[in-house]
Amino acid sequence: MTIETDTRLLTAATAAAPGWRDFALCRVTDPEAFFPETGENGRPAKRVCAGCEVREACLAEALAHDERFGIWGGLTTAERRKYHPKRRR
Ligand code: SF4
């Protein structure tokens, strides 16, 4: 499976789960952890994402809307960049 295929599947996951935010584990945690300062690694937020049942839908939403800030679906902005369709080669 290619990254392009993965992105399509993730986008489909978002379309199939419009209410995914209701199940977001980060709703009951410190929201600031998901927006680490420059130089921070975001590990605490990533640990929360690892146990989140809507991680795929969250990541798909971030990719679909080209979110530039924060940790979504367990990935930082830089980590998401490689999955963005416009930035892949
Ligand atoms: S994957 Fe992470 S950022 Fe996304 S909803 Fe779950 S806990 Fe929140």
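Reply: **Surroundings of the annotated site**

Leaving aside residues up to four places away in sequence, C49 touches F34, R55, I71, G73 and G74, where a contact means heavy atoms within 4.5 Å. This is a predicted model, in which local features need pLDDT of at least 70 and side-chain atom pairs count only at pLDDT 80 or more, while totals for chains, interfaces and linings use all residues. Residues are numbered from 1 along each chain as its sequence is written, and side-chain values use heavy atoms, with hydrogens and water left out.

C49 is found in helix α2, helices being DSSP runs of H or I with at least four residues, numbered from the N terminus. C49 has a relative accessibility of 8% and therefore counts as buried, a label for values under 20%, with exposed meaning over 50% and partly exposed in between (1.4 Å probe, protein chains only).

An unreviewed UniProt entry annotates C26, C49, C52 and C58 as "binding site". These residues are spread over 33 residues of sequence, yet they cluster in space, with a largest C-alpha distance of 10.9 Å. The lining of the largest pocket includes C26, C49, C52 and C58; a pocket is an open set of points on a 1 Å grid over the protein atoms alone, with protein on both sides within 12 Å along at least five of seven lines, and lining residues have an atom within 4 Å of a point. Such annotations may be inferred rather than shown by experiment.

C26, in the loop between α1 (3-16) and α2 (43-50), is partly exposed at 33% relative accessible area. With residues up to four places away in sequence not counted, C26 touches F34 and V48. C58 is among the buried residues of α3, a helix (residues 55-64) in which seven of ten residues are buried.

Technical notes: On a 1 Å grid over the protein atoms alone, a cavity is a set of points where a 1.4 Å probe fits but cannot get out, and a pocket is an open set with protein on both sides within 12 Å along at least five of seven lines; lining residues have an atom within 4 Å of a point. Helices (H or I, at least four residues) and strands (E, at least two) are DSSP runs, numbered from the N terminus.
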